[in-house]
Amino acid sequence: MGRVIEANNVVKTYPGKVTLFNFSLDVEDGEVLGLLGPNGAGKSTFIRILTGLEKADAGEIKLFGKRTSKEGRKKIGVAPQENSIYPLLTCMENLLYFGSLYGVTGKKAREKADSLLKELGLSDKKNVPAGYLSGGMKRRVNLACALMHEPRIIILDEPTTGLDPATRRNMWKMVTRLVRETKATLILTTHYMEEAEALCERIAFINAGQIVAEGNPKELKKMAGKEIAKIKSIPGVYANLEPQLRKIAGIDVTVTEHGVVIESDNVSQKISAITKAFGKYKEEIIEFSVSQPSIEDVFLKLTGSQLKGVVKVEPKKRS
Amino acid sequence: MKQFFRERRTLILLFAVPVLVLLVLGGVFGRTSTEVDRSVIGLCDLDNSEFSGIFVAGIENNTKIMDYSNNSNCSSFVEKEVLEGRLSAAIVIPAGFEKGITDGISQDLTVYLDNSRIQTSPSIEAFMKAAVQETGQEIGNRFILTIWERLDDADGQLLDLIEEVNGSRNRAIEIKQSLQETADSLNSMNLGIVEDELDAANSTIYHVLDTLESAEGNLTEIESEFAEYDEELEKSEQDLENIIEILGNASSLVKNAKSAVNCSNPVYLPYCLSLDSLNSEIISTNDSIAERLDAIRDARSDIAESNETIQDFKSSIEDAREGSEDAEQRIENMRDFVYGLVQSKQKALSTIYEINLSLDTVIEKSYELESIITDSRNQISEITSRQPESIVSPIILSSKRLFGERTFFDFLLPSLLPMILMFISLFLSSTSLVREKNMGILGRIAVSQVNSLKYAVVKVISYTIVLIPEAILLVLISSLLYGAFPIFDIATSLIVFQTLVLLLLAFTAIGVLIAIYSESEATAFLASLVVGLPLLFMSGLLFPFEFMPTYISAIGYASPLTQAVLTMQSVVLYHSPQAIGFGILIIYALVFIILSAISIRRVR
């Protein structure tokens with residue numbers, strides 16, 4: 001085991017916007033890493049820099065212990081979020097074409113394509129134009145195209161976005177199997193916390209161009225180890241309510257764009273005081289849920305807090 | 001390419017649209033000229049005169065006229081008709097049109113042009129100008145003919161003037177001759193002789209006066225001597241009278257003595273006879289003395305007469321002196337007169353000389369005048385010998401259409417093929433590639449670390465290969481359907497094909513570049529239009545280079561479309577292939593492929 005990716009203090013700015021700021025991330029060989037963060041957090045920018053589509057303004061990225069090079073990048077397979085395949089080419093033709101870009105041609109390419117199509121359950125569709133396939137099938141062809149050259153690093157950019165839950169879960173299984181078989185390093189970006197929790201050994205939360213927290217799902221859940229009450233109310237004006245809520249002892253209050261998140265060791269004991277405060281400020285509660293903490297809660301907490309205030313969560317250092 | 005060839009609708013459109021465009025344009029531009037015979041032109045003739053009739057007849061022969069002259073306020077009416085698009089143009093002939101022209105005042109004809117019809121309005125305007133020119137020529141011819149008649153009259157008057165000048169000159173010559181004679185006469189009049197004669201006469205008069213004075217002196221002397229003689233004679237007379245008296249007394253005495261003697265007595269008779277003798281003697285003496293006395297008396301009388309004569313002489317001499325003095329005065333007067341005559345002669349000669357000079361000038365000027373009049377007559381003759389048409393329209397343009405009566409489309413066709421292929425290649429390459437880009441395929445290809453130059457070259461060549469059948473199809477249609485060039489002329493066909501392939505390479509490369517920077521197919525399509533349309537307008541196809549500003553025409557010449565058009569024209573129309581276009585198109589293709597490669601690297 002060694003580090004296949006080492007990103008140190010990477011900075012990327014666009015006019016009027018800092019997308020990555022002192023972004024540092026190490027990825028171990030064979031690891032399954034999830035990159036989570038809200039839109040515009042910098043996930044895609046990092047991947048674009050990693051794959052050579054963008055250049056970092058500052059910082060350094062090493063691939064396989066060396067400075068990034070064409071040869072190093074050729075060992076990366078990327079399955080983009082969109083189905084970046086030719087809709088009028090058959091599945092086989094798509095795979096052969098994208099394999100040819102990496103020098104995988106001829107019989108070897110055909111065998112590899114057959115193998116991938118079989119593994120992904122598309123053998124019977126290999127001569128069907130990709131455009132005629134269902135969304136899940138297209139996504140699998142899209143994934144297969146990234147695997148034609150047997151990459152050592154596989155990057156899946158939101159691989160199940162837009163898929164129905166059943167297809168999504170099916171996709172997870174295939175990805176898990178593929179990773180297991182190829183022993184490749186997998187970097188997954190997703191909005192689905194469930195997906196990240198199901199697939200990733202390690203999750204890195206990215207917000208405002210920086211990793212705000214990282215660790216395995218269990219560790220991260222411990223960060224938000226309290227009960228969480230999510231309250232939505234109307235009209236939803238919390239400017240005055242928030243200080244009132246903070247006066248209630250034993251709770252942490254976070255105002256998000258979706259409502260108020262209250263953390264406490266025992267939320268049920270605080271319900272009376274909380275509802276009274278809402279009533280005082282004429283906020284009519286329309287939704288009140290209490291849950292145990294999940295990765296999504298951590299994400300909401302971190303990103304939501306970040307949006308409204310400053311929450312410092314020290315990233316867990318990997319040993 | 002597989003992906004492209006499986007887009008059946010696109011493929012069908014790709015082949016059908018250019019053919020359709022070519023066929024439609026072939027139909028649209030299939031006429032041989034841009035005549036205005038189908039345009040409807042409104043007329044508002046407020047003059048209704050012979051001249052306006054000439055103008056209307058001129059335009060009526062070549063186009064359709066809608067006459068609104070009877071409409072009240074027809075000028076505003078036709079303007080409104082043009083403004084509202086019911087007429088292509090309208091012309092207003094103002095009242096007083098003919099009178100104004102006849103009075104030598106240029107007349108303004110107003111043409112209302114619907115210049116929104118950008119193709120027909122220049123033709124109509126040109127047609128109107130031609131009609132105005134023709135009418136102007138006709139009016140000009142008439143005007144010049146009138147002038148010719150007047151000039152002919154003037155020529156006749158000049159001829160009369162020449163005769164009068166000749167008469168005047170002849171009279172001047174005659175006067176000159178007369179003056180010469182007068183001068184000769186004056187010169188021949190030798191007043192010096194007269195003066196000499198006068199001097200001689202004066203001298204003679206002086207001499208006469210001297211002579212008269214001398215004669216008078218002599219006469220006075222003679223008179224004095226006569227007086228002395230008279231005195232002497234008077235004394236002698238007195239003496240003689242005394243003697244006579246004595247003798248008388250003596251005779252008496254004798255007589256007495258006789259008487260006293262009787263002489264009858266002869267004694268006394270001798271006495272008596274002596275007395276008688278004495279008495280006779282005394283009587284004879286007395287008689288002699290009486291005679292002498294008479295003689296003296298006569299002498300004295302003669303002397304008196306002589307004196308009188310002398311007095312008369314003297315008186316005459318006095319008269320003569322007075323006459324001489326008068327003559328002298330007259331001579332003096334005559335001298336003054338002669339002097340005056342000399343002065344007058346000199347003056348007259350001088351005047352004659354001056355008159356002579358003037359007459360010479362008159363004669364000389366008369367010759368000049370005659371020459372001028374003759375020249376004027378020659379000029380008039382030269383002018384009037386010209387045909388009025390040759391003055392109103394001194395230049396007649398004869399055009400030789402070296403390419404014969406071919407349709408507009410025949411000339412357009414070599415330019416249309418590059419134009420159609422330019423748009424097709426731009427649209428195809430840009431929109432196809434931008435679609436791939438938006439599907440993430442381009443990014444995916446970039447991730448594969450494929451060489452961007454290689455990728456750009458492959459893309460450009462792929463799109464060009466896709467479009468080559470299109471180019472072949474258009475070449476076949478041009479040759480077989482429109483006869484642009486013989487298809488079996490291998491050299492021409494190859495050059496045409498080569499030009500179109502190079503054009504495809506250049507514009508697919510541009511299309512690839514457009515796609516790289518386009519966000520969507522719509523952007524790529526619009527960007528292709530933004531590139532294609534200016535190139536089309538700067539290609540000289542729709543608007544000639546000669547009318548463009550210099551820098552625009554320079555840009556136009558440098559464009560790949562123009563180079564393809566020029567090369568096509570050089571082969572198809574002029575049969576004189578220009579190889580430079582190939583080189584420029586290759587350079588364009590290479591430059592844009594390289595730019596595409598660089599851009600792919602930067603933009604992905």
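In the predicted model, B:V40 finds its bridge partner in strand β2 of chain B, at B:K64. This pairing belongs to a parallel arrangement in which strand β1 (residues 40–45) of chain B and strand β2 (residues 64–67) of chain B are joined over four bridges.

Two packed helices are described by the angle between their axes and the distance between the axes. For helix α5 (residues 135–147) and helix α6 (residues 165–182) of chain A, the angle is about 20 degrees and the axes are 11 Å apart. Because angles under 35 degrees count as roughly parallel, α5(A) is described as roughly parallel to α6(A). The crossing of these two helices is right-handed. On the α5(A) side, the contact is made by A:G136, A:R139 and A:L147, and these meet A:T167, A:N170, A:M171 and A:L178 of α6(A). By class, the residues of this contact comprise three nonpolar, three polar and one charged.

The two chains also touch each other, through a contact that takes 18 residues from chain A and 16 residues from chain B. On the side of chain B that touches chain A, helices α1 (2–5) and α11 (441–447) of chain B each supply at least two residues. The most is given by α11(B), with six residues. Sorted by class, this side of chain B has six nonpolar residues, along with five polar and five charged ones.

Methods:
Residues numbered from 1 in each chain as written. Chains lettered and ligands numbered in written order. Predicted model: local features only at pLDDT ≥ 70, side-chain atom pairs only at ≥ 80, totals over all residues. Pairing = 2+ DSSP bridges. Axes fitted to C-alpha atoms, helices over the stretch in contact; angles between N-to-C directions. Parallel < 35°, antiparallel > 145°, perpendicular 65-115°, else oblique. Left-handed = near helix turned anticlockwise from the far one by under 90°. Contact = placed C-beta atoms within 7 Å. Nonpolar A, V, L, I, M, F, W, Y, C, P; charged D, E, K, R; others polar.
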